[in-house]
Amino acid sequence: MNDNKQFFLPGDVVTLRQDIPNKPTMIVVKKITKTIRTGNVKNDFFQGILCRWFTTAGELQEAIWNTKDLIKL
């Protein structure tokens, strides 16, 4: 099992790890967390990495990706 952690910072250029046609080249925007409050305790849970890219038609797209699905270029 490979336990090497991959960290992504805003501005990093990434793409999808999967070998699929027309996979986008994306820019990392930020790390997304979700805060869940239980009584007086706040817990932050990591959701994913927010990325933006343009389609071949020039449309801006945005999505949250799991770090396991991304690789740096």
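Trp-65 is partly exposed, with a relative accessible area of 21%. On that scale, buried means under 20% relative accessible area, exposed over 50%, and partly exposed in between, with a 1.4 Å probe and protein chains only.

Some ground rules. This is a predicted model: local features need pLDDT of at least 70, side-chain atom pairs count only at pLDDT 80 or more, and totals for chains, interfaces and linings use all residues. Residues are numbered from 1 along each chain as its sequence is written, and side-chain values use heavy atoms, with hydrogens and water left out.

Trp-53 is buried, at 14% relative accessible area. How many aromatic pairs does the structure hold? One. A pair of aromatic rings is described by the distance of the centres and the angle of the planes. Rings of Phe, Tyr and Trp (its six-membered ring) pair if their centres lie within 6.5 Å; planes under 30 degrees apart count as stacked, over 60 as edge-to-face, the rest as tilted. For Trp-53 and Trp-65, the centres are 6.1 Å apart and the planes stand at 50°, so the pair is tilted. Trp-53 lies in strand β3 and Trp-65 in strand β4, so the pair ties together parts twelve residues apart in sequence.

Now those strands. Strands (E, at least two residues) are DSSP runs, numbered from the N terminus. Two strands pair if DSSP finds at least two bridges between them. Strand β3 (residues 41–54) and strand β4 (residues 60–65) pair in the antiparallel sense, over six bridges. Cys-51 has Ala-63 in β4 as its bridge partner. Five residues sit between the strands of this hairpin, where Gly-58 takes a positive phi near 85°.

Next, two polar contacts. That term means a pair of N or O atoms within 3.5 Å; within protein, one must be able to donate a hydrogen and the other to accept it, and residues adjacent in sequence count only if both atoms are side-chain atoms. Thr-15 is in strand β1 (residues 13–16). Thr-15 is buried, at 5% relative accessibility. Its side chain reaches the backbone oxygen of Pro-24 at 2.7 Å. Asp-12 sits in the segment before β1. Asp-12 is buried too, at 17%. The side chain of Asp-12 makes a polar contact with the side chain of Lys-72, at 3.4 Å.

Last, Leu-73. Where is the place of Leu-73? In the segment after β5 (70–72). Is Leu-73 buried or exposed? Exposed, with a relative accessible area of 62%.

Conventions. Helix = DSSP H or I, 4+ residues; strand = E, 2+ residues; numbered from the N terminus.
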